[in-house]
Structure formats: structure tokens, C-alpha cells
Amino acid sequence: MRITVNVDGVGYTDDVEPRTLLVHYLRERLGKTGTVVGCDTSNCGACTVHLDGHSVKSCSVFAVQADRHEVTTIEGLARDGKLHPVQRAFHENHALQCGFCTPGMIMQSLDLIADHPDPDEETVRKGLEGNLCRCTGYQNIVKAVRDAAHHMRPGAGPEAEQVTEETRSPSHAGGGE
Amino acid sequence: MIPAEFEYVAPTSVEEAVRALTEAGEDAKVLAGGQSLIPVLRMRLAAPNVVVDLSNLSELTGVRDDGDSLLIGAMTTHYEVQRDHLVHDHARLLALATDEVADPQVRHRGTFGGALAHADPAGDLPAPALAMDATMIIVGPGGRREVPAAEFFVDYFTTVLEPNDVLVDIRVPKLTGWSAHYEKFNRVAQAWSIVAVAAAVRVSDGTIAEARVALTNMGPTPVRAHGVEEALVGQPATAESINAAAARAAEGTNPTTDGNADAEFRSHLARVLTGRAITAAVGA
Amino acid sequence: MTATVEPEIGKARLRKEDARLITGDTRWTDNIQMAGMLHMAVLRSPMAHARITSVDVTAAAAMPGVLLVLTGEDVAEEQGSLPCAWPITEDMLAPPAPSLAVGEVNFAGEGVAVVIARSDYEAHDALAAIDVEYDELPVVLDMKAALADGADLVHPDLGTNKSATWVFDSAEAGTGSDVDQAIADAEVTVTRTFRQQRLIPAFMEPRSVVVDPGGGSITMWSATQVPHILRWMLAAVLGIPEHKVRVIAPDVGGGFGGKLQVTPEEVLTLLVARRLGKPVKWTESRTESMLSAHHGRDQVQELTITARRDGTVTGLKVDLLADMGAYLRLVTPGVPILGAFMFNAIYKFPAYRFTCVNVFTNKVPTDAYRGAGRPEATFAIERMMDELAAELGVEPMELRRKNWIKHEEFPFTTVCGLTYDSGNYEAATDRAMELFGYEELRREQARRRESGDPVQLGIGISTFTEMCGLAPSRVLGSLRYGAGGWEHAAIRMLPTGKVELITGTSPHGQGHETAWSQIVADRLGVPFEDVEVLHGDTQSSHKGMDSYGSRSLAVGGTAIVLAADKVLAKARTLAAHLMECSESDVDFSNGQFSVRGTGTSTALTDVVLAAHVAHNLPDGMEPGMDAESTFDPTNFSFPHGTHLCATEVDTETGAVKIHSYVCVDDIGEVVNPLIVEGQVHGGLAQGIAQALFEEAVHDESGTLTTATLADYLVPTAADLPHFTTDRTVTPADSNPLGVKGVGEAGTIASTPAVVNAIIDAVRHLGVTDVEMPCTPMRVWKAVHEGKERGVPTTPVAAGGLGSIDAQGGAE
């Protein structure tokens, strides 16, 4: 099947088998190896990307279902060599160790902050319940997400990094959520 | 893990979907949100020849006000249900149970209709649908028909849906002004319910005027706790009467035994959690 | 004098590693793509024990894109036997351990055939077309049954399911008195049996191997903790000249002991790549990982503790059954032995005997998992101290205080003959109790007991120590381990003043690039940013013993210090030469050599350049300023700490909630407090997970019913509490950094703290034990039926993938 997908701001047209998982399409065909596969059952969340501005597990979406949609991966977050506030917060709060869960964790954190611009600890923990980390015990991840949210409040930094309803639209996917 | 090969069809109308399913026969699977089906395909626990993807059927998404009921499109995602103000105002129990489904990513893709059609006894949406007397609106080769939730769920992962049926809408009678609670018991946040209780009550002048209670994972299908409902109606909304009613929660259930809970423990949980669900609803 | 620079050691440096990990610019093995690369998939046995009567690969071999299908018979001649480096006794029985089963399968998940195809998808399609016929054999699962007379045998050729019996007796060793006498004389005796359930390491990155056989030598990339050991063992097992094998561990996504292995798939990928002359990749699925990567724990522990009425402990007897699974992998038999010297823990037992029987079953082999032997020991002794306290009717912390080694008694030689160099249990405990609000929580507990609150509160204590810094080579030799425990470091001083540090440790999440840079920067006075750490490639780092057992800093970090000292020694000589003074007049600080009492100075970077250009060297001095060192410790290090957990136990549902968790660890000096805290957090999560959530469950046919992350319950953020952590610092005497190691502390200490807290919450209801994991059902049954041994686990949970049959519908 022929599909046309916008990934991290670039349009791609490809022929894929219908059974091709979106994550395999990203990794194998587009070389977007920043997004990884950690399980078979959609429990670990390591493969989380955004589809039209909402987090999804790319192991549980077929590539054909992304036809005519926009995908944002961890590789599409940094702009002009500048880290996204969530990436920066993960670094500054030591929210990663081996780093394998990190792309999915960051992508889900973005989604969480879009829904909850000032999340308390419990909201963060519940909002990340679809992402497993085996290294950190989550404490610094929770801290990083709250820290990032703080830096992304309206007026707190560059407009493109703030949370607004509009930034959920696909054309802004990645930059602002 | 990698799914086996299949032919992919993405119809643009319900009729086309039914036709595609009919042509494919027993070997077809309907793909709604895919959040259960795709893992199953990856594990090769199922290997259909044809997958019929409903995601182009935009008429199956959204929540409409239909007088005494809400009409919820089968392809409405959990995320949309959670945020819908009609659901919030008139089907609070459904909104609360949907909050407990899987995790945020899955709720972005998974659909209300898909969860009902999947009919996992541990799934969180069949019991509220049953409690709220929802009606499934189904389109098949013979046309459109309506099946009440009480008749829809047949067995483990089995409903009245024929292989070439498409669940298109769910009619949910409004419970405006009722209070509700979904009490879920599981071992880790993303796990399925060991037991859960869906409860909605209408309290009038301190008396429980009406009550709806249904149980998740207390048998092959969701179970309506009729005994509890009967015991509640007309009683004062007090701890004593609630607990007395909750003691009947396991009546008529057929709980399974597995690694998380045996039948005895499940029955016990059903009673405890029913008391808690009703108490929380009354206090809500 | 120049202004004093803040010391690098002890600074909370943000990690160098993060830049690539937070942007997706990673180098996981599975990311590697090479021209012409083929993909391998493994067909695994669904049977736990069976004879393979036939394997028909005709259809699979004819499928599109398939280049090769191999069975065990096809590789029997060349695959050798997977290595076991730790024959714990002279008479230990070890069956041959094929990478691909030949004639017989011994656990469900064992490889039976492999397909090599152009794509991963095609390889998996072909797996489904292989037809294997099995003849079922009796399945051995329970260790006690396995040892009974007339038991069915996993390996009939061995004539028994017993692999080895290993004993340490303090009376025989001359390190203590006779435990039988202690028992005979005891005023109080408490005996308990605990089960250490089987666990799955569940590192987040599934294992992956790429082998490139081109260019006259073999290059293997593998998601491994142990590239150096792997290279050595590949050469030993397959007879490939070691200098023709290069092993690279690129970015590795966690290990926790689970990647401390030489795997069947590493051997097989190499064999097929060599046979086809093409690069081949194998990447496992999560289910394959759960089914075939080694598991951890799985012991039955019977303990007898004796004491006087006044609470003084007099003896400890430990009898273990340790489940090996079907084969002995790299250090399988030695894992329980690593616990042998830790059951006595921080207490002054005069008499001790440890007996371990290693048993074969038809399950995936066990091997190292975070803590490896020491969590088991710590759990058992800390549970026993609580049981003894209950028996004596004394406050459990007071019982511990009465028996632990006092800080003024260090160095202290234990009943096992180990010498604990330093420690201060009083300080850590006092701090922990203060942070915890111990007394107030005890009062709250009393209030809830009195009011009959359905949610009871319990306090769990774990005052632990561990032996880390594996390990003095001489000790390993005396324990019959097949390798040494030293570590290597080399420093390359580049002409521009930048520094390359080559380490033999192999990080997979621990942050060595950052911490090692700090050590180098601290010793050499160079900027942190100017240090590049090279690791995980046997071509650049030819010598190393890799990362496990909380050894990297205490052993590998010391090697760095020694190498840096060699650099400085030579640089000092050259600096003196250049400044035309006596070497004894040269001071070094903050990267500057200066002549004492003068204004003359020269920077290390200038000295390095001078050494590089070699225009003006003292007679006999070689050009260049590189140095290397290999450090072999003379003793283990002994981190310790006090962990306190308060749990709320819902007596109506059996649900357990952690109300608060405080730990004060003493890991000696700290290089990077940020990294240390992260290690503690992660360790706690895994230890708590053993107490509450995780268990590898097999059904009666030997099928693993927890083979997905839907069924094997790794906790999420929502399932874990906030941790309060702090440290006391008692420097280790065994290394110049004064460090002890932190990788395993959280895991070792936390499990008994949680379980003790659960028991403490409901002991007044007649509960004296709950089997791990303490599931709601087990807790509830213990409370309401007095079934102290918990309930048997039965497989197949509803919900999760376990319950989805082939008819699984759509959602």
C-alpha cells in the first residue's frame, strides 16, 4: 500500500505492507531509530510518538493508519539545535539512566503537560502509567516533568514552547507540546 | 513480534465495511482502535486474512444528544469520551470508568465500541455499559438492529456480533443528576481489573431512589448486581444499608480463578468494592 | 596560588551521556544497519521437557527471502557448549549446554531452529512454517520434588537433579564456633522458611546482536554488560582465535545482571554470519526475552536463628535450595554462593553454617540479577531479625542495635572470615529514624490497632550490608571462579591537552562517562569537558572485566586513579626537567606544576605537549604521556545502610500501599551525588517490585505464564512512592577513593523492609509471614485465614494477553 506520512516535518511517500507497524516503518524505512521497541504488548511505552499531536504507541499502530497524518518523534523535538524544555528537564533532573525508555517517556510527558499544564505529583505518575522505566524508580522523571511544565507555562519562555490549545494541532506537533 | 500477512481494507462507509467483512468470511477481523487487536496480531495469537479498518468511518465518531439518551459512535476514542461534556453531564459513570482504561496513549487510539466488541471480562467498559442499560446499534448484512447490553455479552471475548456485523453506535440512556463511581482493583496501574464495580445511584432526600450496579471480571461477561440494586432502592444512603446491600454483590456471579485471585477472593472483593463504590457515589 | 577550583569529585555533574539519549541520537545494537545485512529469528520450544523426534524445515527454507534454516543437529559440531565460569565444587555436575537444542529440549523457550532471511518479517514468517515434533518427557519444576528419591530427571545422564552441594561452616573454617552446639544450647530458637520467587531482570532494551564477519575477522555488536568476557568466551567456546574477534557493546539499555551472560543467540548469530559471509542481526522480542534470557533469584531458604533471652544472637544456620533451571550459564551456580557470606550481615554471630544445594529443573537458567545472592541473604536475615524480635517481644530496632557491629569495633572480622573495613550502623540508623519520624509512626500504628482501623500501619526495618567491589582475584580463585576481579584503565594524554580515558568497565546506564571524567578531571586538573571516556569496545579497550556487582567505581575507578597517578609521576619528572629544578621541589595542583617558593610554573597541558613532541626530554624518557594501570582489590567493599518502610495494609482487600520510605545509605565517598541518588531510586524500585509485584510463574507443564509485560508486573510510576534518601559517609579503607559501590544497595535493602512492614502491620492479627510477591490475595488470605504460607499460584490471569485466545476480538 502506498502511504504518505509527514514525520518530523518531512513528507515521505512509501509502499508498505499493511502489517508494517508504524514503529518499524519509522526505524527501518526512515532511519528514525530514536524511537525504539521495548515490548510486544503495548505495555512499555518506549515506542511512544505523537500522531496528529497526541501520544500513541507506535508498536500498536499500523503504518498504513498513519497515511495522510503527521507523526512527531523524539528526533523532531529539538529545534535549531536547541533542546525542547522537556528534553532539557530530563537532563537537568537526571531523569534517565540507560535511556532506552527516555524517548517514549519524553513524548508522553509532552502529551501530559499539554493536558495538565501544572501537574501535581500524582497527575504526573498517573499520566506516565503507560511507560515503563527499569532504571530510575521514576522519582527524577516525575521531578523533570513538573520542572518542564513550570518552564513551559505561558510567559515562561519562548512562545513555541508554551502549552496552548493550538499547539495540539498537528502543524505544531512537536514544537509546542 | 511481527504480525502475519493480511489484506487491509479501509472502507469509507458502514455498508462497504459490512460487504468487505461478508466477502472475507470467518477470516476477517475488524480493526477499530487496534489497541487490543494489534498486540494480538503481533503475538500471532490471531492471523486473519483480512483486516477491515473502520478508522475512515468518521460518521462513527462523536457523542450526540438524542433526547433521553446519548448516542456514542463506536469509533469514539476513550480520550474523546473522557473529555466529552455530554458524557460528563449525563453519563458520569462512563466517564469515570473510561478514565481507568489502560493508559493515556491507549486511550488516544482505543475506542468505546472496540472495547465493548472485544468483550474482555476484565475490560473496564462493559460493566458500566451494562449498568447504564446501554443499547448496541449494530449494522450487518440484514440491516440495522439494536441489542441491549444485557444480551450483547455472551461469553469470554464473545458477543452477539457476527463476523460480518459492525457495531456502529451505543445508545446510553441519560442518568442526569445521578452520582456515580467506578471502583477498580488491580495490582499495578496499567493492569487489567481483578475485580471492578460500576455504580450509579440517584439519591433523593437522603434516600436511594434508584441504583445501578454492575461488576467487571466476576464471570465470563459483565454481571449486573441485581440483588444489590434491589437492596438499595428505598433505603437511606447510610453506611449500614449500603454495606447490607453490598453483601449481596457476589450473588449470581461466576468468578474465575487465576494468578491474581481465586474465586473466593474475587467474591469477597466484589462485596467490599461494591460497598466502597456505592459509598463513594453517594458521597460524590 | 591560583584560586581553588571546586573539586570535581563530589560534584553533582549533569551527565554527558544524556545528550544523545534525550534526542534519540542513540546507538542501540538494533539500530545498526549494514549493506546486505540478514536477519535471524529463533524458533523456540513450547515444551519444557521433550525429545525432539523430527524437525522439518523444508517448507520454511523454501519461503521467500529465506537464505538458511538450521536446526540443532546442523550446528551440533560447531556450536560447542555455552560456558559456565563458576564450577563451585570439584564434583559439580554440569550438563552440556547447546545454543540450539540437539535431540532434547529442557525448558520452554529453548532454541530449536533458526531462520536467516533478508528481513525480520520474512524470518518470522518462516518460523511458523517449521514443523517440529516432540515426544513429551516428565517435567521437573519443584526443587524439593526434584531431589526426592525416584524423581524424574532433567538430565537423566547425570543420574540426579542435584548439581552441587556447597557448605561453609564456621567451626570447620575456624572463623567461629559450631552452630549445632549453638542450637543445642539455645534459649530461643526461631526457624522459618522463605521463598525467593523467580524474577525476570526485565531490562528495557531487548537483547540484540549484530555480527559482521567481513574483513578477515569477526566483529560482534551486542547488548551486553560484558564485552570483554564475551570475547574471551566466544574464543573459548567456538575455538575462534581471540585476536580475530572484536566485541562492541554500544549503547546498552540496562542490564541489572540480565546481560551478564554469554547467550545462545550471540553464538548462533556468529555461526550463521560466518557461514553466510554476511552481516546478521538478531533482536529479540520482549516475549523471547522473558522466555529465554536468564532469570534471577528462585531459592527456598530455611533458616534457624538462636539467641539468648536477652536478645544476643548465638547462631545462624542456613539451608538453601537454589534453582539452576535447566543449564548452568555463565555464573549460575555461583549466585547463591555470593550470598553465603552475607546472611550473618551486620550482626555478631559466633556460629554459622551455610549449606546450598543447587538443583536442576526444566526452567530457563537462573543467573545474576541485581544483587545476585546478596538480596536473598539480606532478605532472609532481616526477616529473621524481625521474627526473633517478635518471639522475644522486643522492639526490632533494639534487637538489631544489640547485635550489630559497633562503629568502634571496625575493622571487624565476621563469622565468615570477611573483614569489614569500615562502617557506622548507628549513624545511618539514627539519621534514618529521624527522617522517618519513627516514634510518631509507631504511635500512629498503635492508634490504628486500638481503633481497629481496617487500614493497618506497619513499619519495616532493613539494616543491611553487602559485599561489593567484586572482587579480589585471589578470593575469586579460592571460590573456584574462572576469572579475576581486577579492572583496567588507560589514560591517553593527547597533544592538545585533551584526555582519552579507556576503561575496562562497561556501563549500560550507570553514567561512567560522566563519573570517570570527574575522576580524571579531579586527578589531572583538566576540565571535565576535556575528558572522553572510551569503553565497551575490545579494540579500544582491550582489557577489562566489565560491569556488575557494584564493582565499577571501587575497582575500575581505582584503576583510573592509579593510571592518573602514573601520568602525573612522569609529568612531574618532565616538568622538573623543563623548569630546571629538582623534582622534589615541584608541586602540582589544578593542572599546574610549580616550583615551590618561586613564581615559576608550567601547565600539565604544556608538559604533555613537550612529551609529545619529544624535543627536550630527560635522558631515557620515552615520548608521550600515556599510562595504564590494572587494579586488583585486596578486599571487598561493604556499603551499608538503614532502610525504613511504612506500609498501609488494607485488611479488607489485602492491598498494600507504601506510606513512606526512607533510606540512609553509607556507600563511602561519592563521586557524583546525582548519579548515586539515581542508582538508589532505581534499586529501591526493583527491590520493592520483588516484595509486591513481580514473579515469574510457570504452569504445571512448565510454560511461563508471565511471558509479557502485561503479565509480569513491572511497576509503573503510579505504583511507586516518593523516596526520601540520604547518606552518611564512612570512607572505605580498601581503595584510594574511599568508595564502596551503590548499584545494588537499593535493591538489596528494600525487599525485606517492605515485607517486614507488611507483617508488622498485621502481626497482631496472627500473621507471621506472607510469601512474595505480597499480592492482595496472599495478604488477605494471611489475615483472614491464617494461611501463613500464602496460597499456591495458579496460572492464566484473566485480562492481559494471557487471556486472549485465538479468537481475541477487535477493539
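How many residues of domain 1 of chain A are in contact with domain 2 of chain A? I looked this up in a predicted model. I found 20 residues of domain 1 in contact with 15 residues of domain 2.

**Entry 1: inside chain A**

I took domain 1 as 2–76 and domain 2 as 85–172. The two bury about 1400 Å² between them, and carbon and sulfur atoms give 58% of that area. A:T48, A:H50 and A:I74 supply 32% of the area that domain 1 buries against domain 2, more than any other three residues.

I then counted polar links. On the domain 1 side, β3 (48–51), β4 (54–57) and β5 (70–72) of chain A each give two or more residues. I sorted that side into six nonpolar, 11 polar and three charged residues.

**Entry 2: chain B against chain C**

I moved on to the B–C contact, which takes 48 residues from chain B and 44 residues from chain C. The chains bury about 3800 Å², with 59% of it on carbon and sulfur atoms. B:I2, B:F157 and B:R187 supply 18% of the area chain B buries here, more than any other three residues.

I counted five salt bridges across this interface. I looked at C:K781 and B:E264, whose side chains meet in a salt bridge at 2.8 Å, N to O.

Which element gives the most to the side of chain B that touches chain C? I found α12(B), with seven residues. I sorted that side into 24 nonpolar, 15 polar and nine charged residues.

Methods. Residues are numbered from 1 along each chain as its sequence is written. Chains are lettered from A and ligands numbered from 1 in the order in which they are written. This is a predicted model: local features need pLDDT of at least 70, side-chain atom pairs count only at pLDDT 80 or more; totals for chains, interfaces and linings use all residues. Side-chain values use heavy atoms; hydrogens and water are left out. Domain bounds come from an automatic or database domain assignment. Contact means heavy atoms within 4.5 Å. Buried area is the accessible area (1.4 Å probe) that two parts lose on being put together, summed over both. Helices (H or I, at least four residues) and strands (E, at least two) are DSSP runs, numbered from the N terminus. Ala, Val, Leu, Ile, Met, Phe, Trp, Tyr, Cys and Pro count as nonpolar, Asp, Glu, Lys and Arg as charged, and the others, Gly among them, as polar. A salt bridge is a side-chain nitrogen of Lys or Arg within 4 Å of a carboxyl oxygen of Asp or Glu.
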